[in-house]
Amino acid sequence: MGKRKELKLEIHESGKASKSQKLCGTNYPVCISFIVVNEFCERFSYYGMKAVLTLYFINYLHWDQNLSTAVYHAFSSLCYFTPILGALIADSWLGKFKTIVYLSVVYVLGHVVKSVGAIPSVGDSTIHIALSMMGLILIAFGTGGIKPCVAAFGGDQFDEEHMNERRKFFSIFYMSINAGSLLSTVITPILRGNVQCFGGDCYALAFGVPAILMVIALVVFISGSGMYKKSPPEGNVLLDVCRCLGLAIKNRWMSSKYDSKRKHWLDWAEEKYPKRLIHEIKMVLRVLVLFIPLPMFWALFDQQGSRWTLQATRMNMAFVSSFFPVFCSSSFFQMLNALLILMFVPIFDVVVYPLIGLPLKKMAVGMIFAALAFGAATLVEVNVMKTVVEPAPRGQCLLQVYNLADSDVKLSIPGSNLFSQPIKSYEVNWAGEFYPSFTLLQTFTEQKAYSLVLHSKTWGIVCQLVMNTLQRFKYCSNRFINTRSEAVNVTMAGVDFYIPADYGISPNKTVERNEYTSVRCTSGSQDFSINLGLLDSGASYTVILKGVSRPTANNVHIAWQIPQYALMTAGEVMFSIPGIEFSYSQAPANMKSLLQAGWLLTVAFGNVIVLIVAEGAGLDQWMEFLLFAGLLVAVCIIFSIMAYFYTYVDPGELDKLFPDKTVNEDEDDLKKDQTDDTLYLNSIEKSTNM
């Protein structure tokens, strides 16, 4: 038997040595470089697409904010439900390598379909919506399906004696995720806003570049095919767990009072399943119960890409100084999260983590940070609302009155007391929202904004009703009212405005944010200039030749969002990394993937919470932010109580508790002995032939 074992060992080692190539004289396999580059490109692809997704819904598909938020979080939720499907396919059917390759092809197709849907000349709005939704569904199945496979496949490439290198690989892998996220949230908003195509912002290019990166990710991953260790599918432990749970529930339900009692309801499955498996399931269930409050954290965290992005579009988006004009993009501000993660992780690892101790305590602190972030977002939102006029809701419209007459005017609308006080001469009055079922010179249309211009004639007061444009994002909207007796031509930033005489009103036109200190005006034979000052991003201006009205300027600087992003990132570092550590350390060896899938599901359910609140609550935005902050504080208290009563376990102790082998282990040993016998005989035959 001694010689037989030596022959087996020699053959195994020679086979392994021929496949395992090392990187630059280290113990790192060469093939992990392909996996790390693949992950970098894939994360660039995913986060780059997601960085402009909410603005695409609003600007291109013309959806309102609530629908855009709902679809955004429905997509995010689907991306975290599909890992279960990917794990099932990899473990029980195709194996990790083929699952990654095949679902990456689905991923690429999703990006291509999404990019085509962003081309204006391809069909009408219905076609654009259909292609966009089809593309997002394919992307969700692609990214979610490969999510549980790539990191595990990278870990499979290391030999057991190189555990330290394997741990460092996961750190490198995590850094590649954040590096891809950081670069993508910088580049794709630039492609959207600074590159013009098809007569507007180039969403087709912004989605097309992530598609190219995903193609590169797939090509790079396949290039290392000959170097990978490819473990065959071993059967899915999730299926065994579900069957064991089903049998226990069935037996417990069908039991009578005469049956012997069980200490735990899972013990009713002992007739078919080994005690070790049942004990492992008990360990997993205790952790999954702790996961129940966790989706609330992700409900707040993932609003960085929806509600916070929309908040930024209603703020002054010129960041730092005129030397950084690219920071005028609201979606570009999302790169702060990835940048701050790269800064916070080493600091927290060295300073903060040792002070707090156990992972569950760190997670509770992370929840508090996230709640504080939404408290900061609430304060910002309250101040934004003071300077920005929101679009009217369904069934209502907005009315703004300019009194350019020589005297005060008393305006009354039948059935309404909006204008209870006289409007003074050359005063602008926002009436706010009213129900447009009455006629004032003409009928008002719901969800529209109007200006009523009043001016004097010899026979009395004349009323002119014009429709307003509540412009958002990086441009400002401008129009002119000419009180002069001659027509005026105005040129600013290469845009020409023609304003007829005698209170003529020019159409609304947009120009870029800038200081307009010398705007050229021509009236008949006269040339003169006017100083309009700063025309800000997202504002709507009405310029009267006797003055300038600025009713909807964005005066709150986007830099006020920095505290909420910093607090949320601190919460993520305190919550997410210790959460992954806790899930891994408390899981039995054969159920670690199961708990990781459970962890990802908390993200999915967090997005479902946002969907419910966004569609059903009907609250003002600041109240919604405050509601989320309060809910997370309440959840944090509940979670802290649950964590206090949780007893940490060491899965390695299972071997001491259950030293006896199960039936399945005995069958595996029998097959292994048969394989060893065959290998031994083959070795003897070779030595004999020699």
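Reader: What is the relative accessible area of Cys242?
Author: This is a predicted model: local features need pLDDT of at least 70, side-chain atom pairs count only at pLDDT 80 or more, and totals for chains, interfaces and linings use all residues. Residues are numbered from 1 along each chain as its sequence is written, and side-chain values use heavy atoms, with hydrogens and water left out. Buried means under 20% relative accessible area, exposed means over 50%, and partly exposed is in between (1.4 Å probe, protein chains only). Cys242 is partly exposed, and its value is 44%.

Reader: Which residue is joined to Cys197 by a disulfide?
Author: A disulfide is a covalent bond between the sulfur atoms of two cysteines. The search takes cysteine sulfur atoms within 2.5 Å as a pair, and it finds one disulfide in the whole structure. Both cysteines of the pair, Cys197 and Cys202, are buried. At an S to S distance of 1.9 Å, the partner of Cys197 is Cys202.

Reader: Is that disulfide of Cys197 and Cys202 right-handed or left-handed?
Author: Look at the torsion about the S-S bond of Cys197 and Cys202. It is about 105°, so the disulfide is right-handed.

Reader: How many salt bridges are there?
Author: Side chains of opposite charge can pair when their charged atoms come close. The rule asks for a side-chain nitrogen of Lys or Arg within 4 Å of a carboxyl oxygen of Asp or Glu. Arg43 and Glu42 pass, at 2.7 Å from N to O. By this rule the count is five.

Reader: Which residues form a network with Arg43?
Author: Arg43 is buried, with a relative accessible area of 5%. Salt bridges with shared partners put Arg43 in one network with Glu39 and Glu42.

Reader: How many residues apart are Arg307 and Glu624?
Author: Helices are DSSP runs of H or I with at least four residues, strands are runs of E with at least two, and both are numbered from the N terminus. The side chains of Arg307 and Glu624 meet in a salt bridge of 3.0 Å, N to O. Arg307 is in helix α13 (residues 307-313) and Glu624 in helix α18, so this pair links distant parts of the chain, with a separation in residues of 317.

Reader: Which side chain of opposite charge is nearest to Glu572?
Author: Glu572 lies in helix α16 (residues 562-585). It is buried yet has no salt bridge. Lys and Arg count as positive, Asp and Glu as negative; His and the chain ends are not counted. At 10 Å, the nearest side chain of opposite charge is Arg43.

Reader: What is the area of the nonpolar surface patch with Val633?
Author: Patch residues have over 30% relative accessible area and no salt bridge; like charges are joined within 9 Å, and nonpolar side chains (Val, Leu, Ile, Met, Phe, Trp, Tyr) within 5 Å. Areas come from the Shrake-Rupley method with a 1.4 Å probe, and for residues only the protein chains shown count as cover. Val633 sits in helix α18 (residues 621-644) and is partly exposed at 36%. With Ile637, Ile641, Tyr644 and Phe645, Val633 makes a patch of about 580 Å².
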